[in-house]
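Subject: Structure for you to look at

Hello,

Here is the structure I said I would pass on.

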Amino acid sequence: MKMFAFRLVCLLFCCWDWVSSSKIKTSLQMTCNQTFVETDEVVSLWTLLGRRCYGGGGFNELDLSTLPECLAPHTDNTPHIYVVGDSHSFVLAYGLGRSTSMPTHKFSCSGNTASNIVRCTAPIVKRLTESVGAGDIISLAMEFDEKPEEYVNAYKSFMQELKTVAQAKGARLVLLADWASMLSPPQMCKLTGDFGKCEVSYTQSTQRQSPMKTAFTNELEGIAGVDRIELLPALCESDHCHANVPGTKTLAYSDIDHLSKAGSEYVGYYLCQQLQKLQ
């Protein structure tokens with residue numbers, strides 16, 4: 001009887017230890033590495049990366065030729081991240097891919113018009129249906145500043161389709177609420193030394209993003225496996241949103257609203273840390 005009790009205790013202990021270890025492994029599946037380095041150089045990600053994994057469609061012809069390879073399926077058991085959306089998702093995916101240990105895929109199109117969003121998002125949803133597996137993360141990122149109703153509705157429909165894919169595949173959908181947009185090109189303000197003409201307050205940014213956030217929050221409320229991460233705090237301190245990476249003289253933007261290479265690496269690391277909390 002004593003031997004049986006001893007074996008039972010050992011069995012329970014071993015099971016508990018295995019469960020605890022698997023939880024620890026799950027929480028450590030994603031590691032984050034800060035790749036941001038201070039620099040005086042402003043590198044545009046359009047110059048650095050070209051149009052690969054970017055379908056354009058705003059001021060250029062829509063080009064989906066790289067979509068299949070950019071959102072390719074994977075055969076390993078490691079969770080992957082698929083970042084989709086407009087041009088903001090394109091510049092963000094670079095920094096996230098550099099910061100996280102999870103393989104990262106991306107494809108984006110211009111969000112200039114609702115019709116362009118629809119033309120681009122349908123093929124993205126089809127490809128994700130083929131590529132996404134259990135445990136993967138689908139991240140939707142887009143510009144949140146004051147958009148017309150048809151734009152909001154187009155992205156709401158896109159999000160609903162992504163939610164359907166995520167739920168069917170056992171994946172997680174994460175909506176990424178945008179960073180602040182500047183008032184003027186930060187490069188010009190750096191030349192004059194007057195950043196007051198570029199930078200905005202946290203309150204201003206929140207007000208400008210409020211309609212989009214309200215629309216998507218209402219859509220997401222109470223849905224299991226769907227999360228929202230705020231990116232506004234990444235470049236904002238107190239009530240001030242910086243054109244520079246906080247605490248440095250490195251510009252975080254290559255234009256009014258797109259992150260530079262350095263800005264993407266900084267915000268990508270911030271996002272990676274927020275995603276870790278979802279594991």
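This is a predicted model: local features need pLDDT of at least 70, side-chain atom pairs count only at pLDDT 80 or more; totals for chains, interfaces and linings use all residues.

Five strands form an open sheet in the order β2-β1-β3-β4-β6, and their pairing is parallel. The edges are taken by β2 (104-108) and β6 (226-230); each has a single partner strand, so one side of each is left without a neighbour in the sheet. From one strand to the next, the twist averages 20°. At the β6 end, β4 (residues 172-177) pairs with β6 over 5 bridges, in the parallel sense. Within this part of the structure, Ala177 stands opposite Glu230 in β6.

Helices on the sheet

Helix α5 (residues 114-131) packs on the sheet and touches β1 (81-85), β2 and β3 (137-141). The direction of α5 makes about 170° with that of β1. Helix α6 (residues 149-169) also packs on the sheet, where it touches β1, β3, β4 and β6. For α6, the angle with the direction of β3 is about 175°.

The cores

The largest nonpolar core has 44 residues, and Leu231 and Leu275 touch the most other members. At least two residues of this core come from each of β1, α4 (87-99), β3, β4 and α9 (261-276). Leaving aside residues up to four places away in sequence, Leu275 touches Met30, Ile81, Leu96, Ile137, Val174 and Ile229. Another core, of 37 residues, lies apart from the largest one and includes Cys70, Ala114, Val152 and Ala154.

Regards

How values were computed
Residues are numbered from 1 along each chain as its sequence is written. Side-chain values use heavy atoms; hydrogens and water are left out. Two strands pair if DSSP finds at least two bridges between them. Helices (H or I, at least four residues) and strands (E, at least two) are DSSP runs, numbered from the N terminus. Axes are lines fitted to C-alpha atoms, for helices over the stretch in contact, and angles run from 0 to 180 degrees between N-to-C directions. Contact means heavy atoms within 4.5 Å. A nonpolar core is a set of buried Ala, Val, Leu, Ile, Met, Phe, Trp, Tyr and Cys residues joined through side-chain atoms within 4.5 Å. Buried means under 20% relative accessible area, exposed over 50%, partly exposed in between (1.4 Å probe, protein chains only).
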